[in-house]
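Subject: Structure handover

Hello,

Here is the structure you will be working with. Please open it and keep it in view while you read the notes that follow.

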Amino acid sequence: MPEQIPKLGVPEFAPVKLHILKTALSRGWSDFKQAPGFALVFAGTYILGGWLMLWITWLTGQSYWLVFAAIGFPLIAPFAAVGFYDVSRRISGGYAIDWMQIFSVILRQSKRQLPSLCAIIIVIFLFWFFLAHMIFALFLGLSTMTNVSTSMDIYFTSNGLMMLAFGSVIGAGFAALLYMITVLALPLLLDREVDFVSAMITSFQYVLTHPILMFGWALFIGCVTVVSMLPAFLGLFVTLPLLGHATWHLYDLLADRENT
């Protein structure tokens with residue numbers, strides 16, 4: 001596939017429809033079946049990371065390092081997503097899937113706007129971790145503590161349950177914010193020459209304009225991802241490529257390239 005010069009500016013996005021979401025998912029599944037090897041490379045990174053976290057927890061009984069994992073994963077995630085996007089873009093264009101060219105596309109993103117979006121994601125994660133510690137201190141700061149590595153009883157007290165409920169609501173808000181600023185921004189930054197702030201605003205405004213279907217898509221992504229993590233993270237070999245490819249096709253369809 002010849003190197004493409006990204007077009008300038010934000011495209012006009014068509015209104016999202018249920019059949020568009022279904023089409024994106026169907027095309028994502030087709031791309032996954034056509035190029036399953038990329039699941040071993042990109043999704044494998046996350047699965048190995050999950051195994052590493054479980055191993056460290058079992059070995060040390062400590063969880064402070066989860067902060068560092070949360071810092072590192074958002075940095076890697078967009079670049080892995082770009083790999084799936086480029087695979088889908090090549091398949092849609094009828095081009096051969098060239099490993100070296102795909103990796104070169106990923107590397108080129110480090111010189112464009114994607115690292116700036118990564119930095120925003122990391123800042124949001126750091127703020128969430130700070131707020132989570134505040135919530136923990138607020139509800140359980142004066143409680144008689146147990147070793148949470150060996151006993152979960154503290155979380156089943158009245159204060160523990162209130163903390164989990166309150167923290168879940170706040171965490172869901174942060175997750176919704178991250179989804180809103182990235183769902184269209186990530187493929188947009190690959191496809192177009194646009195600054196990351198405009199990409200985030202465009203994505204945020206689009207979700208805000210079409211809340212029912214776009215948040216329904218977010219709920220679907222969240223549920224599928226959680227379920228796929230249960231069998232030792234192995235389900236991510238399927239769901240991460242599927243969702244990555246489908247996200248590109250959703251953007252592609254909404255960007256009014258086709259008559260939707």
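A salt bridge here is a side-chain nitrogen of Lys or Arg within 4 Å of a carboxyl oxygen of Asp or Glu. The model is predicted, with local features needing pLDDT of at least 70 and side-chain atom pairs counting only at pLDDT 80 or more, while totals for chains, interfaces and linings use all residues. Residues are numbered from 1 along each chain as its sequence is written, and side-chain values use heavy atoms, with hydrogens and water left out.

Salt bridges

By this rule there are three salt bridges. Asp86 forms one with Arg90, the closest N and O atoms being 2.8 Å apart. Another joins the side chains of Asp86 and Arg89 (2.8 Å, N to O). Helices (H or I, at least four residues) and strands (E, at least two) are DSSP runs, numbered from the N terminus. Asp86 and Arg90 lie four residues apart in helix α3, about one turn of the helix.

Buried means under 20% relative accessible area, exposed over 50%, and partly exposed in between (1.4 Å probe, protein chains only). Asp86 counts as buried because its relative accessibility is 0%, and Arg90 counts as buried at 3%. Arg89 is buried as well.

The side chains of Asp191 and Arg192 also meet in a salt bridge (3.6 Å, N to O). Asp191 is buried at 10% relative accessibility, and Arg192 is buried at 14%.

The chain as a whole

The protein chain has ten helices and two strands. Buried residues make up 41% of its 260 residues.

Helix α8 (residues 196–209) and helix α9 (residues 211–229) pack at about 110°, their axes 6 Å apart. Axes are lines fitted to C-alpha atoms, for helices over the stretch in contact, and angles run from 0 to 180 degrees between N-to-C directions. This makes α8 roughly perpendicular to α9, a label for angles of 65 to 115 degrees. Contact means heavy atoms within 4.5 Å. Tyr206, Val207, Leu208 and Thr209 in α8 meet Pro211, Met214 and Phe215 in α9.

A partly exposed residue

Trp99 is in helix α4. At 35% relative accessibility, Trp99 counts as partly exposed.

Regards

How values were computed:
Parallel < 35°, antiparallel > 145°, perpendicular 65-115°, else oblique.
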